[in-house]
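Open the model in your viewer and keep the sequence panel beside it. We will go from one selection to the next and see what is at each stop.

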Amino acid sequence: MAENGRAHQTVIKKYANRRLYHTGTSTYVTLEDLATMVQNGEDFIVYDARSGDDITRSVLTQIIFEQENKAGEDNLLPVAFLRQLIRFYGDSMRTMVPSFLEFSMANFAKDQDGLREKLAQSFGPSAFQQALQEQVRANMTFFGDAMKMFTGGFGPPAPPPGPASAAATPPAPVSGGSGAGDLDELKKQMADMQARLEALARK
């Protein structure tokens, strides 16, 4: 299945001079072009032209870096979120972060599509833009609070606004001590948190 998925991806080659070559159109492209491809839903994979290594992750990260460096309201990543994300590098809970990020963003994207359609029909583009910004802020607040549930020691997170707030109540922190009992308790709490997140996503 993985090989079939890659067969439908556009291949981009990055050369030593940092130029990006689109093999589908036989043209050179920029990071802005790749950002537009992502926004249009076009999937691609980037290879180092010399070594053949898959460098898609680093190129996508560079696109985000370029977007975040732009002035204005286009910035998406709050400073507090960036600090929290950096803290997870080297943390014992870091293996859980990627799946949590994917889960959160997939559900936010799903909610965004519904919100976009309803508000565009009822109030026009300006109202949609304002409501979407509020939804982004609410989602990032919930996201940051949920991240704290992994690390503990930050105090009880504030629930997101709306009827789903009860579902976002975090489990009680793991009691002190060590051994198999603590590990079982941690697993139980993680399973409970996952169930709460899934219930919240269905709201």
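Select threonine 56 and valine 46: a polar atom of the threonine 56 side chain lies 2.9 Å from the backbone nitrogen of valine 46. A polar contact here is a pair of N or O atoms within 3.5 Å; within protein, one must be able to donate a hydrogen and the other to accept it, and residues adjacent in sequence count only if both atoms are side-chain atoms. The side chain of threonine 56 also makes a polar contact of 2.6 Å with the side chain of aspartate 54.

Before moving on, note that this is a predicted model, where local features need pLDDT of at least 70 and side-chain atom pairs count only at pLDDT 80 or more, while totals for chains, interfaces and linings use all residues. Residues are numbered from 1 along each chain as its sequence is written, and side-chain values use heavy atoms, leaving out hydrogens and water.

Stay with threonine 56, which is found in helix H3. Helices (H or I, at least four residues) and strands (E, at least two) are DSSP runs, numbered from the N terminus. Is threonine 56 buried or exposed? Threonine 56 is buried, with a relative accessible area of 12%; buried means under 20%, exposed over 50% and partly exposed in between, with a 1.4 Å probe and protein chains only. Leaving aside neighbours within four places in sequence, threonine 56 is in contact (heavy atoms within 4.5 Å) with Phe44, Ile45 and Val46.

Next, show helix H2 (residues 31–39) together with H3 (residues 56–68). Their axes are 10 Å apart and the helices pack at an angle of about 100°. Axes are lines fitted to C-alpha atoms, for helices over the stretch in contact, and angles run from 0 to 180 degrees between N-to-C directions. H2 and H3 are therefore roughly perpendicular to each other, the word used for 65 to 115 degrees; under 35 counts as roughly parallel, over 145 as roughly antiparallel and the rest as oblique. To see the contact, select Leu31, Glu32, Leu34, Ala35 and Val38 of H2 with Val59, Leu60, Gln62, Ile63, Glu66 and Gln67 of H3.

Now colour the largest nonpolar core, which has twelve residues, among them Ile12, Leu34, Met37, Phe44 and Val59. A nonpolar core is a set of buried Ala, Val, Leu, Ile, Met, Phe, Trp, Tyr and Cys residues joined through side-chain atoms within 4.5 Å. Which element gives the largest share of this core? H2 does, with four residues.

Apart from neighbours within four places in sequence, methionine 37 is in contact with Thr10, His22, Glu42 and Phe44. Follow that list to threonine 10, in strand E1. Threonine 10 is buried, at 15% relative accessible area, and a polar contact of 3.1 Å joins its side chain to that of glutamate 42.

Finish with some loops. Most residues other than glycine have a negative phi. Arginine 18, in the loop between strand E1 (10–14) and strand E2 (20–22), has a positive phi near 75° and is exposed, at 70% relative accessibility. Serine 26, in the loop between E2 and strand E3 (27–29), also has a positive phi, about 55°, and is partly exposed at 47%. Last, select arginine 50, in the loop between E4 and H3: arginine 50 and lysine 13 are 37 residues apart in sequence and 9.1 Å apart in space, C-alpha to C-alpha.
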